[in-house]
Amino acid sequence: MPRAVLTAQTVPSFSLVNDIVQGKTCVPISLHEFRLFLKHHEHSLENLDFFLWYQDYKRRWDQLPLPAKLQSPPPQEKPSYVGYVLSGTGKRQQQRSAMESGDSDLIGTTAYPNETMDYAAMNGKHSSTGSYKQDSSSIMTASTYANGYELSSVVSPESYYQGTFPDQQPFRDEVELVLKTFFASSSDKELNIDGYLRQYVLHNSKYTTHPEIFEPVRDKVYETIERSSLRNFVNYALQNINHGGIITRYLLAGTCALLIAVVLIITFVLKVPRWYRILILPPLIGMLICGVSANQGVCFQRAMGHRRDPHAYELVSNAQVDDPFSQEFKFGDVESQSEDIKVVKDPLVRRYNMKFLFSTSLAATLFAVCFTAAIVAIP
């Protein structure tokens, strides 16, 4: 299967995501660098940790014998935003408010699609006691709403899971740890997902440990990784100089621009032969190359030697980001880092660097020659 084409301007493809997650890439776009980036730059390592855990969990679940699998049936329904909103009367609304405020007492409760709601409550109609009126003509279900107001019989979750014994289900302790790590509001690794997805997982996980209860969350975090995190990571990983190197190259580009201005002023004001204007060619090429190098964070000399400067998010020991349930870390220093992280090993990045070096040098030279020729041609 061919590897993905690496670019800093486009969203990384599906195959590049899989290559990094499966450990097929090398420095500077290896899985370890990606974890460091998410941990210390984007602060969203929990997405990758949950995704990797789910992949491993699903693999181990598939290897279970059939009797063990039957102890944890899959959930009856998929999560629904409609079922989350159209979920009941004042009690449910109070629960949703508590959930939005981060009340941990909500863990284990849910707004389930088959539960009824008082449609009059949506119009703000209350009884004299302050509770919502119960009008049988206005009662509807979320599944009715989702199906175009066609009534359908939906088995309640409690009835559906009747006969199961959660304490005897496979991986029950592991699932409880995952809930505390990724779904508890008090956890530093709480996933940033929609409320209806969170409640779907918290409710169904009380009755089953089947991987399908986590599948919608897996899809959500994968979408975030692919569309946002991985693209930002690749843009940073392709840079082979640090912030100081970028500032230096901007200063060099400014110096070259100043030299060009001095040459043009002298040749035009002092009526020097126009062929002296050709002296602007070297600083013009230097200005363009230094400017592009600073803008992209790529040093041409380092690119040719397949060398790089480690980024700030990489200055941390390996053991402190490998455990998805660990929340402790500390930064190290450049001298203590292995020489391996200063060498570009991934073939995709090497090819990108060489292509970038050739195309930028060629474009800068052609533009500089044309511009210089135009200046010389001015009488």
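These questions and answers walk through a predicted model of one chain.

Trainee: How many helices and strands does the chain have?
Mentor: The model is predicted, so read it as a prediction. Its secondary structure is made of helices and strands. The count is 15 helices and two strands.

Trainee: What share of the residues counts as buried?
Mentor: The chain has 379 residues. A residue is buried when its relative accessible area is under 20%. The buried share is 45%.

Trainee: Among contacts with a separation of 6 or more, what share joins residues 24 or more positions apart?
Mentor: Take the contacts in the chain with a separation of 6 or more. Those between residues 24 or more positions apart account for 74%.

Trainee: Where does UniProt place the feature "transmembrane region"?
Mentor: The annotation comes from an unreviewed UniProt entry. In the model, residues 356-378 are 96% helix and 0% strand. Residues 276-298 are 70% helix and 0% strand. The UniProt entry places the feature at residues 250-270, 276-298 and 356-378.

Trainee: How far apart are the end C-alpha atoms over residues 356-378?
Mentor: This stretch is 96% helix. Its end C-alpha atoms are apart by 33 Å.

Trainee: At what angle do the axes of α13 and α15 cross?
Mentor: Helix α13 covers residues 281-296, and helix α15 covers residues 347-377. Their axes come within 9 Å. The crossing is right-handed. The angle is roughly 145°.

Trainee: By class, which residues make up the contact of α13 with α15?
Mentor: From α13, the residues include Leu-284, Leu-288 and Val-292. From α15, they include Phe-356, Ala-364 and Phe-371. Gln-296 in α13 and Thr-360 in α15 also take part. By class, the contact has no charged residues, four polar and 13 nonpolar.

Trainee: Is Pro-282 buried or exposed?
Mentor: Pro-282 sits in helix α13. Its C-alpha is 10.0 Å from that of Leu-259, 23 residues away in sequence. The relative accessible area of Pro-282 is 55%, and exposed means over 50%, so Pro-282 is exposed.

Trainee: Which residues does Cys-256 touch, not counting residues up to four places away in sequence?
Mentor: Cys-256 belongs to helix α12. At 14% relative accessibility, Cys-256 counts as buried. Its C-alpha lies 9.0 Å from that of Ile-280, 24 residues apart in sequence. The residues that Cys-256 touches are Pro-283, Gly-286 and Met-287.

Trainee: Is Lys-271 buried or exposed?
Mentor: Lys-271 is in the loop between α12 and α13. Its phi is positive, about 60°, although Lys-271 is not a glycine. Its relative accessibility is 69%, and the cut-off for exposed is over 50%, so Lys-271 counts as exposed.

Trainee: What is the relative accessible area of Phe-171?
Mentor: Phe-171 is in the loop between α8 and α9. Phe-171 has a positive phi of about 65° and is not a glycine. Phe-171 is partly exposed, with a relative accessible area of 22%.

Trainee: Which helices are included in what covers the buried residues of α9?
Mentor: Helix α9 covers residues 172-182. Its buried residues include Val-175, Val-178, Leu-179 and Phe-182. The cover includes α3 and α10.

Trainee: What is the omega of the peptide bond from Val-27 to Pro-28?
Mentor: Pro-28 has its place in the loop between α1 and α2. The bond from Val-27 to Pro-28 is cis. Its omega is near 15°.

Trainee: What separates the C-alpha atoms of Leu-38 and Leu-48?
Mentor: Leu-38 is in helix α2 and is buried, with a relative accessible area of 1%. Leu-38 touches Leu-48, as well as residues including His-43 and Ser-229. Leu-38 and Leu-48 are 10 residues apart along the chain, and their C-alpha atoms are separated by 8.1 Å.

Notes: Residues are numbered from 1 along each chain as its sequence is written. This is a predicted model: local features need pLDDT of at least 70, side-chain atom pairs count only at pLDDT 80 or more; totals for chains, interfaces and linings use all residues. Side-chain values use heavy atoms; hydrogens and water are left out. UniProt positions are given in the numbering used here, feature names are shortened, and annotations may be inferred rather than shown by experiment. Helices (H or I, at least four residues) and strands (E, at least two) are DSSP runs, numbered from the N terminus. Axes are lines fitted to C-alpha atoms, for helices over the stretch in contact, and angles run from 0 to 180 degrees between N-to-C directions. A crossing is left-handed if the near helix is turned anticlockwise from the far one by less than a right angle, and right-handed if clockwise. Contact means heavy atoms within 4.5 Å. Ala, Val, Leu, Ile, Met, Phe, Trp, Tyr, Cys and Pro count as nonpolar, Asp, Glu, Lys and Arg as charged, and the others, Gly among them, as polar. Buried means under 20% relative accessible area, exposed over 50%, partly exposed in between (1.4 Å probe, protein chains only).
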